[in-house]
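Here is a briefing for a reader meeting this structure for the first time. Please keep the sequence and the model side by side while reading.

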Amino acid sequence: MTYLYLTIAIIAEVAATSALKASEEFTRLIPSVIVVVGYCVAFYFLTLVLRVIPIGITYAIWSGVGIVLVALVGFLLYKQTPDIPAIIGMGLIILGVVVINVFSKTISH
């Protein structure tokens, strides 16, 4: 269940962060509500994850996957194309998350 909670937290955070641009500085109601609700859901589910996975590992996975997914949303919805160094950097972030999940002894497998 822990990884399900982490997945929900990541998706909620990506939705909230992606809606920030659409909220136009909180002047549009629906995107603004998505931002607030999304972050509330994300942080609630993060608290559930922290019962099992250490905070540093949780945050590394949550932020790393979130960065890549927000960049993907930016590309798909807002036509924001990352350059080659950004793509390489995000690849390294993904690699880091994989290394943590496969090799770290601080999380139970």
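The charged end of K21 sits over the ring of Y78, 5.6 Å from the ring centre; a charge is said to sit over a ring if NZ of Lys or CZ of Arg is within 6 Å of the ring centre and within 35 degrees of the ring normal. This is a predicted model, in which local features need pLDDT of at least 70 and side-chain atom pairs count only at pLDDT 80 or more, while totals for chains, interfaces and linings use all residues. Residues are numbered from 1 along each chain as its sequence is written, and side-chain values use heavy atoms, with hydrogens and water left out.

**Aromatic pairs**

- A search of the whole structure finds five aromatic pairs, where rings of Phe, Tyr and Trp (its six-membered ring) pair if their centres lie within 6.5 Å, and planes under 30 degrees apart count as stacked, over 60 as edge-to-face and the rest as tilted.
- One of them is stacked, because the rings of Y39 and F43 have their centres 6.3 Å apart and their planes at 25°.
- Y39 and F43 are four residues apart in helix 2 (residues 29–49), so about one helical turn separates them; helices (H or I, at least four residues) and strands (E, at least two) are DSSP runs, numbered from the N terminus.
- Y39 is partly exposed, with a relative accessible area of 23%, and F43 is also partly exposed, at 45%; buried means under 20% relative accessible area, exposed over 50%, and partly exposed in between (1.4 Å probe, protein chains only).
- Y59 and W62 form a tilted pair, with 5.6 Å from centre to centre and 50° between the planes.
- Because Y59 and W62 are three residues apart in helix 3 (residues 55–78), they too are separated by about one helical turn, and W62 counts as buried at 8% relative accessibility.
- Y39, F43, Y59 and W62 form one aromatic cluster.

**The nonpolar core**

- The largest nonpolar core has 18 residues, and those with the most contacts inside it are L6, I10, I57, I61 and W62; such a core is a set of buried Ala, Val, Leu, Ile, Met, Phe, Trp, Tyr and Cys residues joined through side-chain atoms within 4.5 Å.
- Helix 1 (2–22), helix 2, helix 3 and helix 4 (84–103) are the elements that give two or more residues to this core.
- Leaving aside neighbours within four places in sequence, L6 is in contact (heavy atoms within 4.5 Å) with L46, V49, T58, I61 and W62.

- S18 lies in helix 1 and is buried, with a relative accessible area of 13%; beyond its neighbours within four places in sequence, S18 is in contact with V73 and Y78.
- A12 also has its place in helix 1 and is buried, at 10% relative accessible area.
- Not counting residues up to four places away in sequence, A12 touches G38, V41 and A42, while A12 and F43, 31 residues apart in sequence, are 8.9 Å apart in space, C-alpha to C-alpha.

**Helix 3**

- At 1.5 Å a residue, the 24 residues of helix 3 should span 34 Å, and its end C-alpha atoms are 32 Å apart, which agrees; the expected span is 1.5 Å times one less than the number of residues.
- The buried residues of helix 3 include I57, T58, I61, W62 and V73, and its buried residues pack against helix 1, helix 2 and helix 4.
- Helix 3 is followed by K79, whose phi is positive, near 55°.
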